[in-house]
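Please consult the sequence and the structure shown here while reading.

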Amino acid sequence: MEIPLAFYQSLRLDDNKSRSRDSSYSNPNVFNFPRFSGYDFSLRRRRWKNPFAKITCSSLVQGLKPKPKLKPEPIREIDQGPKDPVLHDTQISKSAVAICSQIEKLVLCNRLREAFELFEVLEIQGSLRIGISTYDALVEACIRLKSIRCVKRVHGYMLSNGFEPEQFMMNRILMMHVKCRMIRDARRLFDEMPERNLFSYNSIISGFVNFGNYLEAFQLFKMMWEELSDSETHTFAVMLRASAGLGSIEVGKQLHVCALKLGVVDNTFVSCGLIDMYSKCGDVEDARCVFDDMPEKTTVAWNNIIAGYALHGYSEEALRLLYDMRDSSTSLDQFTLSILIRISTRLAKVELTKQAHARLIRSGFESEIVANTALVDFYSKWGRVDTARYVFDKLPRKNIISWNALMGGYANHGRGADAVNLFEKMLAANVGPNHVTFLAVLSACAYSGLSERGWEIFLSMSEVHGIKPRAMHYACMIEILGRDGLLDEAIAFIRRAPLKPTVNMWAALLNACRMHGNLELGRVVAEKLYGMEPEKLGNYVVMYNVYNSMGKTAEAAGVLDTLESKGLRMMPACTWVEVGDQTHSFLSGYKCDSYNEAVKRQIYHKVDELMKEISEYGYSVAENKNLLSDVDVNEEQGVVRYHSEKLAIAYGLVNTPEWNPLQITQNHRICKECHKIVESPYAEMLHNFEIVVSASVRWNLSSVLLAS
């Protein structure tokens with residue numbers, strides 16, 4: 001049903017004036033429903049969901065088409081016709097306000113890419129003035145995205161529109177450049193700032209410290225002190241990091257004095273910075289004094305002091321501090337556990353590492369990359385490469401350190417093919433290798449005799465990956481040539497190298513001379529090494545072994561005399577075995593002075609028993625012509641039979657359950673005889689004999705893990 005036109009004709013002019021174009025929709029008299037009271041909307045008649053839905057336009061009744069919508073014209077296009085400038089400005093401002101509001105909402109919801117897509121509309125429209133809140137939202141989006149391109153877009157828009165920020169906004173723009181690693185642009189902005197405060201200085205100083213430019217950071221700190229005569233705890237914490245980076249303890253002590261004068265030394269951040277600075281500069285005692293004076297010791301403080309002791313080789317003290325931290329009810333985070341694992345790596349404490357591994361899983365750090373990479377490193381170094389691979393595969397995210405740790409583990413344990421396969425898998429995962437990666441895989445090729453694959457990887461360093469080989473990589477290739485007996489080619493390779501031959505390169509060649517018994521070339525190489533490092537014991541040791549293996553006793557004695565004249569002496573061979581929670585050490589020969597006579601007899605009897613059982617399967621002790629570097633020629637004949645490796649294994653077999661594997665740690669390379677006993681077919685025969693006759697004898701490679 002339609003409303004008849006006669007109804008409108010019967011209305012007075014003043015009643016219909018609300019229909020005029022100039023009226024406002026905010027007028028409450030526009031829709032005056034009592035005007036329709038003459039019409040019956042009673043319940044007796046058919047209901048309409050919307051009584052105005054039946055109102056039709058006369059143009060539709062006459063069959064006229066609606067007016068087509070105009071296409072939006074470009075903003076910059078000049079309209080030749082008359083227009084109302086006030087209305088035009090109002091339309092533009094309304095459009096800009098809507099866009100700015102939407103940008104702020106998108107940034108608040110962390111939809112940063114969509115915010116910049118909408119910001120492009122403002123860039124296209126040109127010089128539209130937007131509010132400071134929108135600029136602040138765009139700056140925050142740049143900081144989160146860390147996109148240099150977005151920073152240039154936002155800053156360029158500010159400059160083109162003549163935006164003059166106040167100090168707060170200027171500090172935000174400065175921080176945006178710093179966070180996005182545009183440090184030179186940030187320094188230029190800082191110099192152009194009409195007014196600077198502590199926040200300005202802290203932002204630019206933190207940027208230079210994070211970039212490793214510590215000297216410029218100190219120059220800015222001096223400027224701040226002269227200009228503001230003030231500082232805050234954050235500034236001191238950052239500058240202490242700079243002192244640690246420079247390794248300058250004198251500068252760090254001056255900062256310590258300033259912090260004492262300002263009364264901020266008790267601040268947690270400053271105290272932790274002082275501990276870290278003193279530790280990295282080598283003054284562990286002062287670091288401990290700062291730690292002891294802290295009124296409240298946080299997890300970060302404990303981590304810093306423990307890491308400081310571990311960094312300088314005080315592993316036992318670091319371990320005691322870890323136990324104190326646990327007893328103090330301080331929470332252990334993933335960094336604490338990673339430090340614990342690294343201490344265990346140095347001390348070869350397998351059980352302690354297993355406890356740390358279990359704690360990682362219980363604490364929900366199973367996916368954390370720092371601690372789990374330390375686990376991969378530990379298991380790789382101490383013979384449990386398959387366990388290291390299991391931890392590595394479980395990591396949802398892997399960095400280059402994780403790949404390198406596992407690859408180095410494969411290399412150290414002679415699994416060159418596995419190392420090469422892992423290297424290829426890393427390349428397939430689009431992870432860029434570095435110098436450490438190539439050192440690990442080339443070492444694996446050298447240890448495993450993969451000469452051709454090693455040369456392919458070496459040549460791909462510069463040709464494919466753009467990494468210039470260093471001296472350590474050339475040393476690996478010399479070792480590959482030396483293991484193949486190509487000593488002349490190794491000499492030519494050293495001469496053609498585009499760098500000056502280093503000690504490691506000559507040492508690799510000297511070791512090859514020892515392996516192949518080339519005395520003449522070995523003597524020439526040894527003379528070069530003596531000239532480059534006259535105080536290094538290892539060079540004399542290798543040459544001593546060369547002479548000794550060839551029966552040149554006079555020349556070997558001459559090397560020992562040279563050592564004595566220089567005040568150098570060979571360290572005794574030492575082997576450790578972990579039994580329970582304690583580590584037991586043994587020297588070669590009849591040197592078990594730390595044990596009573598009953599334990600001594602038990603150890604020697606076990607060694608004799610094992611050697612007798614092995615000899616029944618055809619093993620015979622050959623004449624030992626290649627003593628280890630740490631074996632004195634004046635030692636008794638029993639040193640051959642009672643090497644430190646045999647004593648440690650015998651003690652472990654006597655004092656541990658039969659299902660418990662032994663972890664053997666040495667301060668020297670395992671001798672040929674002990675290596676032959678452990679890895680020869682005699683060990684496999686003994687393993688079969690163990691199953692049938694004696695379950696107490698466990699002399700097989702699966703239970704005796706040798707780690708040198």
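**Confidence**

The model is predicted. Its pLDDT averages 77 over the protein, and 75% of the residues score at least 70. Among the elements, helix H22 (residues 416–428) has the highest mean pLDDT, at 94, whereas strand E4 (residues 704–707) has the lowest, at 36. Where pLDDT is low, the predicted coordinates should not be read in detail.

| Helix pair | Angle between axes | Axis separation |
|---|---|---|
| H8 (residues 183–192) and H9 (residues 198–210) | about 155 degrees | 10 Å apart |
| H18 (residues 350–362) and H19 (residues 369–381) | roughly 155 degrees | within 11 Å |

Helices H8 and H9 pack at an angle of about 155 degrees; because angles over 145 degrees count as roughly antiparallel, H8 is roughly antiparallel to H9. The crossing in which H8 passes H9 is left-handed. On the H8 side, Ile183, Arg184, Ala186, Arg187 and Phe190 meet Ser200, Tyr201, Ile204, Gly207 and Phe208 of H9. By class, the residues of this H8–H9 contact comprise 6 nonpolar, 2 polar and 2 charged.

Helices H18 and H19 cross at roughly 155 degrees, which means that H18 is roughly antiparallel to H19. Their crossing is left-handed. H18 contributes Val350, Thr353, Lys354, His357 and Leu360 to the contact, and H19 contributes Ala371, Asn372, Leu375, Phe378 and Tyr379. The residues of the H18–H19 contact divide into 6 nonpolar, 3 polar and 1 charged.

The whole structure contains 17 aromatic pairs. One of them joins Phe190 and Tyr201, whose ring centres lie 5.0 Å apart. The planes of these two rings stand at 75 degrees, so the pair is edge-to-face. Phe190 belongs to helix H8 and Tyr201 to helix H9, and the pair links parts of the chain 11 residues apart.

Conventions:
Residues numbered from 1 in each chain as written. Predicted model: local features only at pLDDT ≥ 70, side-chain atom pairs only at ≥ 80, totals over all residues. Heavy atoms only, no water. Axes fitted to C-alpha atoms, helices over the stretch in contact; angles between N-to-C directions. Helix = DSSP H or I, 4+ residues; strand = E, 2+ residues; numbered from the N terminus. Parallel < 35°, antiparallel > 145°, perpendicular 65-115°, else oblique. Left-handed = near helix turned anticlockwise from the far one by under 90°. Contact = heavy atoms within 4.5 Å. Nonpolar A, V, L, I, M, F, W, Y, C, P; charged D, E, K, R; others polar. pLDDT = per-residue confidence, 0-100. Phe/Tyr/Trp six-rings, centres within 6.5 Å; stacked < 30°, edge-to-face > 60°.
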